[in-house]
Amino acid sequence: MTVTHDPIRQQAPSGPLVEEDHAGHRFRVHRSTMTSPEVHALELERVFARSWLYVGHESEIPDKGDYVRRPVGGRQIFMVRGRSGQVNVFHNSCTHRGAMVCRTDRGTAKVFSCFYHAWSFNTDGDLVGVPDRQAYGDGLDFSALGLRSVPRVESYRGFVFLSYDPTIVGLVEYLADAKEYIDLVVDATGTPEIISGTNEYAINANWKLLAENSIDGYHAVSTHDTYFKYLVALGTDLAGGVQGTAKSLGNGHAVLEYAAPWGRPVAKWEPLFGEASREEIGRLRAELVERHGEQRASRMADTNRNLLIYPNLVINDIMAVTVRTFVPVSADRMEVTAWELAPSEELPQLRQRRLDSFLTFLGPGGFATPDDIEALESCQQGFHSGGVEWNDISRGMAREPQANDEEQMRAFWRRWNEQMMGETR
């Protein structure tokens, strides 16, 4: 891989961009991976075009004709519930002259009409209308001019993914051991749904910094000190700190799992939720025990999970269940979208507490997200300062990984390096 740079960017090494020394307990990543436009361009080709990427949740399009539009892997697509109820995912481009045919972020439609020349398509992508059709004579083949589906679309437990690589392994195989953690989220919520509305914001930093940050337990106490003080002031017991494990789940996926130091609407009451909710949360916990047994129910209710689905999907099952994606715009800028996942029949007071937790901690103006944005943008600025070539990601290599170690980040980087070097599909 040849990478060139101007003087303000990190100069690429002559050897690998990722170096791992098991015997010496050292793992490091060259900082040009965060600043190089050439690396960014190659990522679009070798990472985002050859992975399974999260599109959305089936609950976002419950009825025929429902659709959502969003960029996935740097490309405009839309997902729509077809006439027979199947989930269709199309490239958002008219087959006539290329304009986007789906022009709003969500809604319900029977037909998508291109505003440029008014070619129209149904929810299965079929071309159904062309103005002045007679001008084409008998040569216009409607069946060949339908919307183009993305090469692969599969769903796991309601989470819909696409891949631009027609030869990629199936989604279940790709998810590897991450399936267990998706199952925990879904089984704990019963019938989950994405709550309408999103958090959308941009960060002036490389997208891989947020992949690291989202599963990084090491920074929590120092970076989010204000939030922890806020919880203590409200009566939350944080004496035990963050205790847990970090795991590689295969194919670049990783998880940080730890005992929940705060309440969880799924079934762990704390004073912050108020006395009025104690009985209801107790009932929810009893139902979890009845359905899944004491051990699994306790894991659902009493532990947090920060799950990374490689390359850019994060499911934070913490004081609320947040589904978050981040799309690189350039080497030093990303766009982030976050949704809240909740039980479809949740009581209003618990839904309110869940949304409050979602916004208070993870919202763009909450306690945590501004801290993280400041930290990531500070890293990006520091990279351009020069002088230091490598990031060190070695913490925990000399012991069994703990919640505040970096094994989960190393799992991400190993997969990234394999793809960038062309060693795996």
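Two strands count as paired if DSSP finds at least two bridges between them; helices (H or I, at least four residues) and strands (E, at least two) are DSSP runs numbered from the N terminus. The views show a predicted model, in which local features need pLDDT of at least 70 and side-chain atom pairs count only at pLDDT 80 or more, while totals for chains, interfaces and linings use all residues. Residues are numbered from 1 along each chain as its sequence is written, and side-chain values use heavy atoms, with hydrogens and water left out.

**View 1. An open sheet of 4 strands in the order S6-S5-S4-S7.** The pairing in this sheet is antiparallel. Strand S6 (87-91) and strand S7 (106-108) each have a single partner strand, so these edge strands are left without a neighbour on one side. On average, neighbouring strands are turned by 25° against each other, direction ignored, with axes taken as lines fitted to C-alpha atoms (for helices over the stretch in contact) and angles running from 0 to 180 degrees between N-to-C directions. Strand S5 (residues 75-81) is joined to S6 by 5 bridges, and arginine 81 stands opposite valine 87 in S6.

**View 2. Strand S17 (residues 303-309) and its two antiparallel partners, S16 and S18.** Strand S16 (residues 253-259) is joined to S17 by 6 bridges; leucine 256 has asparagine 306 as its bridge partner in S17. A hairpin of 3 residues leads from S17 to S18. In S17, 7 of the 7 residues are buried (under 20% relative accessible area; exposed is over 50% and partly exposed in between, with a 1.4 Å probe and protein chains only). Thr303, Arg305, Leu307 and Ile309 are covered on one side, and Asn304, Asn306 and Leu308 on the other.

**View 3. Aromatic pairs within the model, 13 by count.** Rings of Phe, Tyr and Trp (its six-membered ring) pair if their centres lie within 6.5 Å; planes under 30 degrees apart are stacked, over 60 edge-to-face and the rest tilted. Tyrosine 54 and phenylalanine 161 form an edge-to-face pair, 5.8 Å centre to centre with 70° between the planes. Tyrosine 54 belongs to strand S3 (residues 53-57) and phenylalanine 161 to strand S12 (residues 159-163), so the pair ties together parts 107 residues apart in sequence. Tyrosine 54 is buried at 5% relative accessible area, and phenylalanine 161 is buried at 1%. The ring centres of phenylalanine 78 and phenylalanine 90 are 5.6 Å apart and the planes stand at 45°, so this pair is tilted. Phenylalanine 78 lies in strand S5 and phenylalanine 90 in strand S6, and both residues are buried.

**View 4. Arginine charges over aromatic rings.** The criterion is NZ of Lys or CZ of Arg within 6 Å of the ring centre and within 35 degrees of the ring normal. Arginine 75 lies over the face of tyrosine 164, 3.9 Å from the ring centre. The charged end of arginine 133 sits over the ring of phenylalanine 142, at 4.3 Å from its centre.

View 5. The whole structure contains 0 disulfides, a disulfide being a pair of cysteine sulfur atoms within 2.5 Å. Cysteine 114 is buried, with 4% relative accessible area, whereas cysteine 379 is partly exposed at 34%.
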